[in-house]
Amino acid sequence: MRSLLVFLKAPVAGQVKTRLASSIGAEQAAALYRQWIGVVFEKLQPIRGRTRLVACYDGGPLSKFAPWHHLADEWWRQPAGDLGHRLDAAFLDRKSAGYPAIALGTDCLDISDTLIEAAFDMLTGCDAVFGPADDGGYYLVGLSSYRPDFYDGIPWSTSRTLAAHQAWCVRHNWSFEVLPVLQDIDTLEDWLEYQGRNRA
């Protein structure tokens with residue numbers, strides 16, 4: 001069965017959304033992120049049944065995620081290491097459970113079940129799919145099959161992350177498709193822009 005891997009952190013003040021916290025305070029930033037976890041998981045519920053929804057958690061024991069346990073089919077603790085290592089571990093775990101597989105975070109509230117379905121459709125005809133974020137990274141990455149070196153040498157959390165990963169695909173003759181650009185919410189400005197779009 002195809003898999004959707006949702007990466008999330010425990011909403012602990014001072015440990016999440018630090019750039020947002022610098023503007024509104026750690027407690028408020030953590031409270032907002034707690035809401036966002038629920039928003040993202042609720043948006044993904046329509047694809048359950050035909051997709052295995054896996055929550056990949058970090059920043060605390062499983063008990064800290066109790067409010068959302070019912071919104072995922074599996075809960076898997078992220079290992080230590082950089083984002084590339086953690087993504088690779090999750091995709092390797094899915095090797096025996098089923099492909100294609102898609103990973104996304106809980107920073108992009110514009111995600112939707114229809115967008116995820118579009119990404120899965122793309123993976124029927126290509127090796128990888130990316131959902132570009134407007135900061136040069138990506139909010140989503142998907143693979144049609146596992147490849148152990150897919151995350152090697154990628155500069156994480158920079159404006160070059162997406163471009164570097166697409167260049168990796170070109171070098172290794174991997175085909176890829178691209179979804180619409182969306183916005184991760186990392187700063188107060190991002191949050192205000194998101195609110196403005198939704199009011200409109």
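**Figure 1. The side chain of Asp 127 and the backbone of Ser 175 in the predicted model.** A polar atom of the Asp 127 side chain lies 2.9 Å from the backbone nitrogen of Ser 175. A polar contact denotes a pair of N or O atoms within 3.5 Å; within protein, one atom must be able to donate a hydrogen and the other to accept it, and residues adjacent in sequence count only if both atoms are side-chain atoms. The model is predicted, so local features need pLDDT of at least 70 and side-chain atom pairs count only at pLDDT 80 or more, whereas totals for chains, interfaces and linings use all residues. Residues are numbered from 1 along each chain as its sequence is written, and side-chain values use heavy atoms, with hydrogens and water left out. Asp 127 belongs to the loop between α4 and β5 (128-132); helices (H or I, at least four residues) and strands (E, at least two) are DSSP runs, numbered from the N terminus. Asp 127 counts as partly exposed because its relative accessibility is 22%; buried means under 20% relative accessible area, exposed over 50%, and partly exposed in between (1.4 Å probe, protein chains only). Leaving aside residues up to four places away in sequence, Asp 127 touches Gly 142, Leu 143, Ser 144, Asn 173, Trp 174 and Ser 175, where contact means heavy atoms within 4.5 Å. Between Asp 127 and Gly 142 the C-alpha to C-alpha distance is 8.3 Å, with a separation of 15 residues in sequence.

Figure 2. Thr 51 is found in the loop between α2 and β2 and, at 2% relative accessibility, counts as buried. Its side chain makes a polar contact of 2.7 Å with the side chain of Arg 2. Not counting residues up to four places away in sequence, Thr 51 touches Met 1, Arg 2, Ser 3, Leu 4, Asp 73 and Phe 120. Ser 3 lies in strand β1 and counts as buried, with a relative accessibility of 0%. Among the residues touched by Ser 3 are Thr 51, Arg 52, Pro 100, Ile 102 and Phe 120.

**Figure 3. The open sheet and strand β1.** The sheet has 7 strands in the order β3-β2-β1-β4-β6-β5-β7, with mixed pairing; two strands pair if DSSP finds at least two bridges between them. β3 (74-77) and β7 (176-178) stand at the edges with a single partner strand each, so one side of each has no neighbour in the sheet. From one strand to the next, the twist averages 20 degrees; axes are lines fitted to C-alpha atoms, for helices over the stretch in contact, and angles run from 0 to 180 degrees between N-to-C directions. β1 pairs with β4 in the parallel sense over 4 bridges, and Leu 4 stands opposite Ile 102 in β4.

Figure 4. Helix α3 (residues 83-93) lies across β1, β2, β3, β4 and β6 and runs at about 145 degrees to β1. At the start of α3, the backbone nitrogen of Gly 84 is within 3.2 Å of a side-chain oxygen of Asp 82. The buried residues of α3 include Leu 87, Ala 90 and Phe 91. Helix α5 (residues 161-171) packs on the sheet and touches β5, β6 and β7, its direction making about 165 degrees with that of β5. Buried residues of α5 include Leu 162, His 165 and Trp 168. Asn 173, which follows α5, has a positive phi, near 60 degrees.

Figure 5. Among the buried residues of α2 are Leu 32, Trp 36, Val 40 and Phe 41. Their cover includes β1 (3-9), α1 (18-24), β2 (52-58), α4 (113-122) and α6 (188-199). The largest nonpolar core has 44 residues, and those with the most contacts inside it are Leu 4, Leu 8, Phe 41, Ile 116 and Leu 140. A nonpolar core is a set of buried Ala, Val, Leu, Ile, Met, Phe, Trp, Tyr and Cys residues joined through side-chain atoms within 4.5 Å. The largest share of this core, 9 residues, comes from α2. Phe 41 touches residues including Val 6, Leu 8, Leu 53 and Leu 71. A second, separate core of 23 residues includes Phe 7, Leu 143, Trp 156 and Trp 174.
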